Amino acid sequence: MSRSLSWRGRRPARPILAMMESDGELLLRLRSGDERAFVGLVERYHEPMLRLAAAFVPSRAVAEEVVQDTWLAALRGLAGFEGRSSLKTWLFAICVNQARKTGTREHRSIPVADPEPVVDPSRFDASGGWSAPPEHWIEVAEGRMEAGKLADRIRAWIGELPARQREVVLLRDVEGMSGEEVCAVLALSDANQRVLLHRGRSRLRQLCEDEFREVR
Amino acid sequence: MRLLRGRDLVCRQAVELVTDYLEGALSRSARRRFEAHLAGCPHCTEYLAQMRETISLTGRVAPEDLTPQMRDEFVDLYRRWQSEQQ
């Protein structure tokens with residue numbers, strides 16, 4: 001995985017085969033014994049699952065093992081896959097189960113209904129209005145993103161979120177899964193999924209503000 | 001929703017509702033009060049824009065692609081699995 005460390009900005013073109021086929025088509029070919037279909041699926045989901053697994057286990061190396069085990073478990077379970085969920089949801093759920101078996105890296109308590117505020121309370125006055133309002137940073141961040149200098153930074157910030165927030169942010173905002181899919185993959189209630197998403201996104205917003213606020 | 005009934009939202013409450021708002025998870029009355037607050041509060045409007053921008057930036061952290069070496073490893077994995085099947 002040395003490439004992932006040196007990767008900057010633009011992604012290389014993916015093979016046309018994997019770009020064009022739906023999961024369902026890949027699945028059909030996979031079941032008929034086409035190894036290229038398997039490689040197509042791996043190309044699509046290996047990295048996303050590595051990042052997901054890394055939210056559960058202590059090191060990249062362990063995450064790699066978890067994902068290898070996931071692919072084997074998926075191949076073994078292929079005959080039993082009934083298509084009640086999407087292939088992606090099914091794969092990611094296997095990955096989460098493998099990762100949880102391998103060992104969680106922190107105690108996973110259910111988030112409470114009324115967690116800590118997401119914005120530092122000292123930024124509001126006694127009446128609850130902003131005393132230190134949000135500083136402008138959107139244009140600066142966009143410029144940095146355009147220049148290809150921001151993706152790695154955000155990747156690192158996501159990596160530093162508490163595990164459960166990281167899992168939800170990865171699946172929702174990096175992978176673009178729906179809330180419903182994420183609840184299925186992580187076995188979360190809809191309300192808890194939203195609490196974790198809110199905390200994770202709010203933290204990332206604060207990090208952007210800290211990093212990019214316009215110097216006046 | 002931790003909204004006080006019949007009272008206007010304050011900024012400290014509004015920032016806690018942003019995700020539920022974006023997810024379409026607010027009740028109709030909570031949504032109305034949230035939007036009424038935004039209409040009179042440029043700071044919370046900016047805050048909402050920044051949350052949207054955060055989501056957009058995160059969405060551009062692209063997945064990485066496989067190296068040719070990894071691809072070979074997965075072909076091997078698949079072949080091992082196939083031979084197990086026989």
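## Where the two chains meet

The contact between the chains draws on 47 residues from chain A and 38 residues from chain B. Several helices of chain A each give at least two residues to the side that touches chain B: α1 (2–6), α4 (35–54), α5 (60–77), α7 (138–146), α8 (151–160), α9 (163–174) and α11 (190–212). Of these, α4(A) supplies the largest share, with 8 residues. Sorted by class, the side of chain A that touches chain B holds 27 nonpolar, 8 polar and 12 charged residues. Please keep in mind throughout that this is a predicted model.

One helix pair lets us look at the meeting of the chains in detail. Helix α11(A) packs against α4 of chain B (residues 42–59), with the axes 9 Å apart and an angle of about 95 degrees between them. The two helices, α11(A) and α4(B), are therefore roughly perpendicular to each other. From α11(A) come A:Arg201, A:Leu204, A:Arg205 and A:Cys208, and they meet B:Gln50, B:Met51, B:Thr54, B:Ile55 and B:Thr58 of α4(B). This contact of α11(A) with α4(B) has 4 nonpolar, 3 polar and 2 charged residues.

## The two chains, one by one

Now let us step back to each chain as a whole. Chain A has 11 helices and 0 strands, and its pattern along the sequence reads α-α-α-α-α-α-α-α-α-α-α. Of its 216 residues, 38% count as buried. Take the contacts in chain A between residues at least 6 apart in sequence: 67% of them join residues at least 24 apart.

Chain B has 5 helices and 0 strands, which follow one another as α-α-α-α-α. Among the 86 residues of chain B, buried ones make up 27%. For contacts in chain B with a separation of 6 or more, 55% are between residues 24 or more positions apart.

## Inside chain A

What is the number of residues in the largest nonpolar core? This core has 55 residues, and those with the most contacts inside it are A:Met49, A:Leu52, A:Ala53, A:Val67, A:Leu91 and A:Cys95. The elements of chain A that give two or more residues to the core are α3 (23–31), α4, α5, α6 (87–102), α8, α9, α10 (179–186) and α11. Helix α4(A) gives the largest share of the core, 11 residues, and α4(A) also gives the largest share of the side of chain A that touches chain B.

Two packed helices are described by the angle between their axes and the distance between the axes. Here are the values for both pairs.

| Helix pair | Axes come within | Crossing angle |
|---|---|---|
| α4(A) and α5(A) | 9 Å | roughly 130 degrees |
| α5(A) and α6(A) | 9 Å | roughly 130 degrees |

At that angle, α4(A) and α5(A) are therefore oblique to each other, and α4(A) passes α5(A) in a right-handed crossing. On the α4(A) side, the contact is made by A:Val42, A:His46, A:Met49, A:Leu50, A:Ala53 and A:Ala54, while α5(A) brings A:Arg60, A:Ala63, A:Glu64, A:Val66, A:Val67, A:Thr70 and A:Trp71. These residues divide into 9 nonpolar, 2 polar and 2 charged.

Turning to the other pair, α5(A) and α6(A) are therefore oblique to each other, and α5(A) passes α6(A) in a right-handed crossing. Here A:Val62, A:Val66, A:Val67, A:Asp69, A:Thr70, A:Ala73 and A:Ala74 of α5(A) meet A:Leu91, A:Ile94, A:Cys95, A:Gln98, A:Ala99 and A:Thr102 of α6(A). By class, the contact of α5(A) with α6(A) has 9 nonpolar, 3 polar and 1 charged residues.

## A loop residue to look for

Most residues other than glycine have a negative phi. A:Ala187 has a positive phi of about 55 degrees although it is not a glycine. You can find A:Ala187 in the loop between α10 and α11 of chain A. Is A:Ala187 buried or exposed? With 11 other C-beta atoms within 10 Å, A:Ala187 is exposed, because a residue counts as exposed when that number is 12 or fewer.

Conventions:
Residues numbered from 1 in each chain as written. Chains lettered and ligands numbered in written order. Predicted model: local features only at pLDDT ≥ 70, side-chain atom pairs only at ≥ 80, totals over all residues. Helix = DSSP H or I, 4+ residues; strand = E, 2+ residues; numbered from the N terminus. Buried ≥ 20, exposed ≤ 12 C-beta atoms within 10 Å, placed from the backbone. Contact = placed C-beta atoms within 7 Å. Nonpolar A, V, L, I, M, F, W, Y, C, P; charged D, E, K, R; others polar. Axes fitted to C-alpha atoms, helices over the stretch in contact; angles between N-to-C directions. Parallel < 35°, antiparallel > 145°, perpendicular 65-115°, else oblique. Left-handed = near helix turned anticlockwise from the far one by under 90°. Core = buried A, V, L, I, M, F, W, Y, C linked by C-beta atoms within 7 Å.
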